Amino acid sequence: FVGEKDYAEQPAIIGSTSEIIQWADHMEIRTIGDLNALKSHSSEQSDFALHSEFRQDMKISDITNMVLKRGTIRLICIAGPTSSGKTTFATKLSMCLRNHGLKAIP
């Protein structure tokens, strides 16, 4: 049992979770069943994948702008479950940072 004194609010995590729920709601994907129901014979699946990639690209741009604004970031940690795209995300982020003249290693 974790006592109340052990709890530390994590606003970044809560904000990130709220944001993804809002985006999924906007995309009308509220459950795994909704995702599975996308028609494979139409453009629904590929359109959803493209929307997801565009969203990730916007997040990478946002992170790059935060790094440029702060100027002294030396380490960015990326966490997630196995096969969730951490390496791909790190590679894309490092490429974006390098395009802005920063030294970045995925």
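Analyst: The secondary structure comes to four helices and zero strands, and from the N terminus on the elements run α-α-α-α. Helices (H or I, at least four residues) and strands (E, at least two) are DSSP runs, numbered from the N terminus. The radius of gyration of the protein is 17 Å, well over the 13 Å that the globule rule gives for 106 residues, so the protein is more spread out than a compact globule. That radius is taken over C-alpha atoms, and the globule rule is 2.2 Å times the number of residues to the power 0.38. Along the principal axes, the C-alpha atoms fill a box of roughly 45 × 45 × 25 Å.

This is a predicted model, in which local features need pLDDT of at least 70 and side-chain atom pairs count only at pLDDT 80 or more, while totals for chains, interfaces and linings use all residues. Residues are numbered from 1 along each chain as its sequence is written, and side-chain values use heavy atoms, with hydrogens and water left out.

Now the pocket itself. The largest pocket holds about 1,100 Å³ of space. A pocket is an open set of points, on a 1 Å grid over the protein atoms alone, where a 1.4 Å probe fits, with protein on both sides within 12 Å along at least five of seven lines; lining residues have an atom within 4 Å of a point. Grid points are joined across faces, edges and corners, and the volume is the space filled by probe spheres set on the points.

The lining has 26 residues, and Ser16, Lys59, Ile63, Ile78 and Phe89 lie nearest the centre of the pocket. Two or more lining residues come from each of α1 (11-26), α3 (44-70) and α4 (86-99). Helix α3 gives the largest share, nine residues. By type, the lining divides into 12 nonpolar, eight polar and six charged residues. Here Ala, Val, Leu, Ile, Met, Phe, Trp, Tyr, Cys and Pro count as nonpolar, Asp, Glu, Lys and Arg as charged, and the others, Gly among them, as polar.

Some details of these helices follow. The 16 residues of α1 should span 22 Å at 1.5 Å a residue, and the end C-alpha atoms of α1 are 22 Å apart, which agrees. The expected span is 1.5 Å times one less than the number of residues. In helix α3 sits arginine 55. Arginine 55 is buried, with a relative accessible area of 17%; buried means under 20%, exposed over 50%, and partly exposed in between (1.4 Å probe, protein chains only). Leaving aside neighbours within four places in sequence, arginine 55 is in contact (heavy atoms within 4.5 Å) with Glu19, Ile20 and Trp23.

Two loop residues also stand out. Most residues other than glycine have a negative phi. Glutamate 28, in the loop between α1 and α2 (32-36), has a positive phi of about 60 degrees and counts as exposed at 57% relative accessibility. Serine 83, in the loop between α3 and α4, also has a positive phi of about 60 degrees and is exposed at 75%.

For comparison, the second largest pocket holds about 470 Å³ of space and is lined by 18 residues. Helix α4 supplies the largest share of that lining, four residues.
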